[in-house]
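Please read the points below with the sequence and the model at hand.

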Amino acid sequence: MSINLSNLQFFSTEDWPIISRLVSFEDGIPFGPINGGIERERRIEGKERLPRNLKAFKMSENNPERGYFHWADWLVFSAMLTISAASGIWHFKSAQQSTTEDYLLGGRKLRLWPVAASLIASFISGVTIVGTPAEIYNFGTQYWITIISIFFSGVVVATVYLPVFVTLQLHSAYEYLEVRFNKGVRTLISLIFVFDVVLYESIVVYVPALALSQVSGINTHIISAIVCGVCVFYTVLGGLKAVVWTDMLQVIVMMLAMFTVTVLGTIEVGGPSEVWQKAREANRIEFFNFDSSPYTRHTVWSVLVGSWLYCTAYIAVNQTMVQRYISLRTMKTSKLAVGIAILGIMAFISLCCWCGLVLLAWWSPPKCDPRATGLIQADDQLLPAFVMQVAGHLHGVPGLFIAGIFGAALSSLSVGFNSTSVVLLEDFVKGCFGLQPSERCSSILVKSIVIFLGLFALAFIFFIETLGGVLVVTNSLAAIAAGTSFGVFTLGMLFPWTNSQGAFVGAVVGFLIAGWASFGANASISAGVILPNKLPVPLAQCPGNISQAFLDQFVHTDEEDVFALYRLSYHWVSGLGAVVVIVVGGMVTWFTGPKDPSYVDRKLLSPVIHRWLPYPKYQNEEWQQSTAEPRSSVNLLLGNITKKSKRKNTSKKKEDQSDGVVS
């Protein structure tokens, strides 16, 4: 890939050796600030001189370490990793003296603000930081209205789903499915959750590795090993307490990093009005696309409805979220934590969306799109390249930005590792296989699972590297599991007549169809059958020998011959899975014999439907089942729930007193 050399006219001949290094590539990733250095030329006493970035590079041209992180950047980045690791050491002593339940759930006595921050960290990752600005840059602002979907998701979670989990106080969210249906449904959904985490964690590792590789030249696999190593270290040593407190630090770092970079960029391009004007000129401002086609990437319907289904599915019933809000002491505090988290997520995504417009304004004429010049090769490198151009001379700022991305990745990784260890212990070792390991064996098993997941995430990166846009891939894969699980839990909590056969068959069919649509779409994109149809960028100031592969991204082709499911907007994948689960589950229930709602314990049903339920017969008669389900297991779990509720009521006064100081 070549560079337009006409932009380099102001350099003297003695600078060409350095320029040749700047435009070279290592492992397919450019390691030099091409346009960043060029655009910052300065004149002193009528003489042209090298820009600050390039001059610094020239001064160290004999240095074998060809990165452009200043020592201050490395200091900021290393401080974040060190503090994260220290959190594990800090909580190590208390974790040694605690039970497995305390290790995994924090003794259900965690504080409001750390848990709220951990909920934000569970939802936001490095994928959000890198992928969202690129999405706005390529496809416009229609995606921005997803914050409305997130708000309503929070309302639904707090009123419909959260009360059930907080009342039951189970270790794993999927224990509910055995109480409500049977062990088979519980095992199936737990397996789907593990599948989701295994895929997602690998993407979470890859994103910060790609970003740091862009600004340092270090191999992505070495960086990935460092990320996983630090994360596994403090997760194994400190348990949930270390994870939650570290999440709080990392959320602060990533918000500060994103805010700093976005503000600097806004100032550099001339202020908010200039950013907005350039976005209008590039036809990126769009909020009211009411196209009814489900194949259009971003419309009002796909973003509001499709994104709402995905966000609700993820926040309401995913173990990573449920485990955090049930670790608080009261229902009120749990709802407050979810509310704070929702507002934080909305604010952060809005910041990322605005950053996408700043990227567009920065590379507007007379500059050129960095993909056309060869500065970067992937959309996910847009933001890291922008940071080095805007703030490369401000020592410490690039380090803060990379620390923010790594902080987001570490928080997502630790959340996933911790939650998956709970699921494998509670739902498979104890639930599926019926084993009752000792406290020591449980502790060793949980920590071994965390280490194994870290190693697997590293190995799976080799597959992730072959995929396209990170945001779409991540959302699509996560949506398979989220939609299926959401559909099953919705059947259990809102449709009291649903039986276990309906839930199981609905889950299988919904998972297969959503997976078919998602993996088929990604395979078609990788094969070039489906093109991204990105919005065009100005190319008047770009070199004349731009690659055809780059130009093909903006070609709108006829895709009528592509299978309909593969052309669906990725926003609909989660909704597709959930709807299929509910419809198929309802049909199977109808044919096999629905439950009598009066025999379903109200604790298992959402409080929003209690007013319409018939009088509960199970309170006066022996527990009955309308389907052939294991009676002893259900009775045993319900008995445990009743005991937990009694213990909770006896300590309610103490909890209410402590609720005033949860923060």
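1. Basis of the note. This is a predicted model, in which local features need pLDDT of at least 70 and side-chain atom pairs count only at pLDDT 80 or more, while totals for chains, interfaces and linings use all residues. Residues are numbered from 1 along each chain as its sequence is written, and side-chain values use heavy atoms, with hydrogens and water left out.

2. Overall make-up. The protein chain holds 26 helices and four strands; helices (H or I, at least four residues) and strands (E, at least two) are DSSP runs, numbered from the N terminus. Of the 663 residues in the chain, 60% are buried, where buried means under 20% relative accessible area, exposed means over 50%, and partly exposed lies in between (1.4 Å probe, protein chains only).

3. Surface and contacts. The accessible surface of the protein chain is about 26,300 Å², and carbon and sulfur atoms supply 63% of that area. The areas come from the Shrake-Rupley method with a 1.4 Å probe, and for residues only the protein chains shown count as cover. Among contacts in the chain with a separation of 6 or more, 84% are between residues 24 or more positions apart; contact means heavy atoms within 4.5 Å.

4. The crossing of α13 and α16. How do helix α13 (residues 272-281) and helix α16 (residues 331-362) lie to each other? Their axes come within 9 Å and cross at roughly 75°. That makes α13 roughly perpendicular to α16, a term for angles of 65 to 115 degrees; under 35 counts as roughly parallel, over 145 as roughly antiparallel, and the rest as oblique. Axes are lines fitted to C-alpha atoms, for helices over the stretch in contact, and angles run from 0 to 180 degrees between N-to-C directions.

5. Residues at that crossing. From α13, the residues P272, V275, W276, K278 and A279 meet W354, L357, V358, L360 and A361 of α16. By class, this contact has nine nonpolar residues, no polar ones and one charged residue. Ala, Val, Leu, Ile, Met, Phe, Trp, Tyr, Cys and Pro count as nonpolar, Asp, Glu, Lys and Arg as charged, and the others, Gly among them, as polar.

6. Helix α14. Spanning residues 300-317, helix α14 has 18 residues and reaches 25 Å from its first C-alpha to its last, close to the 26 Å expected; the expected span is 1.5 Å times one less than the number of residues. Because 14 of its 18 residues are buried, α14 is largely enclosed by the rest of the structure.

7. S574 belongs to helix α24 (residues 572-592) and is buried at 1% relative accessibility. Leaving aside neighbours within four places in sequence, S574 is in contact with L309, Y310, A313, A479, A482 and G483. V397 lies in helix α19 (residues 397-432) and is buried, with a relative accessible area of 15%. V397 and H70 are 327 residues apart in sequence, yet 9.8 Å apart in space, C-alpha to C-alpha.

8. Backbone features in loops. P365 and P366 are joined by a cis peptide bond, with omega about 15°, and P366 is in the loop between α16 and α17 (370-373). Which is Q169, buried or exposed? Q169 is buried, with a relative accessible area of 12%, and has a positive phi of about 55° although it is not a glycine. N283, in the loop between α13 and α14, has a phi near 60° and is exposed at 60% relative accessible area.
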